[in-house]
Amino acid sequence: MDRVMKLASQKAVVIFSKSSCSMCHAIKRLFYDLGASPAIHELDEDPRGREMERALLGLGFSPTVPAVFIGGRLLRLDSTSTVMSLHLNGSLIPMLKEAGAIWL
């Protein structure tokens, strides 16, 4: 869990993902389209991916991906619906600005 939390705090937006996950792709695309440059950790391509996946399970993620951290803070346990809800209600962009992920 220490590795996940350390990685999650190293950039304004951090996404733990799997390269074959379509919801992960949609979330990553949304952040890129908003002008953010998230750190992406593909668990299925990282030698320590299984360890990080277990840590995400320990944090309550099920499914484990996508797991989104903004400003080092975990977005609720269902990151996909949380991110989409924040975007639709207009809260995501201010949150990204506050975290320093975007400026405009």
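In which helix is L57 found? L57 is found in helix 3, where helices are DSSP runs of H or I with at least four residues, strands are DSSP runs of E with at least two, and both are numbered from the N terminus. The model is predicted, so local features need pLDDT of at least 70 and side-chain atom pairs count only at pLDDT 80 or more, whereas totals for chains, interfaces and linings use all residues. Residues are numbered from 1 along each chain as its sequence is written, and side-chain values use heavy atoms, with hydrogens and water left out.

L57 counts as partly exposed because its relative accessibility is 48%; on this scale buried means under 20% relative accessible area, exposed means over 50%, and partly exposed lies in between (1.4 Å probe, protein chains only). L57 and G35 are 22 residues apart along the chain, and their C-alpha atoms are separated by 29 Å.

Four strands form an open sheet with mixed pairing, in the order 2-1-3-4. Two strands are taken to pair if DSSP finds at least two bridges between them. Strands of a sheet pair through backbone hydrogen bonds, either parallel or antiparallel. At the edges of this sheet are strand 2 and strand 4 (73-74), each of which pairs on one side only. Strand 4 pairs with strand 3 (residues 67-70) in the antiparallel sense, over two bridges. Within that pairing, F69 has L74 of strand 4 as its bridge partner.

Two helices pack on the sheet. Helix 2 touches strand 1 (13-17), strand 2 and strand 3, and its direction makes about 160° with that of strand 1. Helix 5 (residues 92-99) touches strand 1, strand 3 and strand 4, and its direction makes about 60° with that of strand 3. Contact here means heavy atoms within 4.5 Å. The axes are lines fitted to C-alpha atoms, for helices over the stretch in contact, and the angles run from 0 to 180 degrees between N-to-C directions.

The structure holds one aromatic pair. It is formed by F16 and F69 and is edge-to-face, with 5.8 Å centre to centre and 80° between the planes. F16 belongs to strand 1 and F69 to strand 3, so the pair links distant parts of the chain, 53 residues apart. Rings of Phe, Tyr and Trp (its six-membered ring) pair if their centres lie within 6.5 Å; planes under 30 degrees apart count as stacked, over 60 as edge-to-face and the rest as tilted. Both F16 and F69 are buried.

P66 is placed in the loop between helix 3 and strand 3, and the peptide bond from V65 to P66 is cis, with omega near -5°. P66 is also one of the residues in contact with T80, together with M23 and I27, when neighbours of T80 within four places in sequence are left aside. T80 itself is found in helix 4 (residues 79-88), and T80 counts as buried because its relative accessibility is 12%.

Charged side chains come next. A search of the whole structure finds five salt bridges, each being a side-chain nitrogen of Lys or Arg within 4 Å of a carboxyl oxygen of Asp or Glu. Among them is the salt bridge between R3 and D46 (3.9 Å, N to O). R3 lies in helix 1 (residues 2-8) and D46 in the loop between strand 2 (39-42) and helix 3 (49-58), so this pair ties together parts that are 43 residues apart in sequence. R3 is partly exposed, with a relative accessible area of 27%, and D46 is partly exposed at 23%.

Another salt bridge joins R29 and D33 (3.2 Å, N to O). Both residues lie in helix 2 (residues 22-33), four residues apart, which is about one turn of the helix. R29 is partly exposed, with a relative accessible area of 39%, whereas D33 is exposed at 55%. The side chains of E51 and R48 also meet in a salt bridge (3.1 Å, N to O). E51 counts as partly exposed at 35% relative accessibility, and R48 counts as partly exposed at 39%.

The cysteines complete the account. A disulfide is a covalent bond between the sulfur atoms of two cysteines. With a disulfide taken as a pair of cysteine sulfur atoms within 2.5 Å, the count comes to zero. C21 counts as buried because its relative accessibility is 18%, and C24 counts as buried at 0%.
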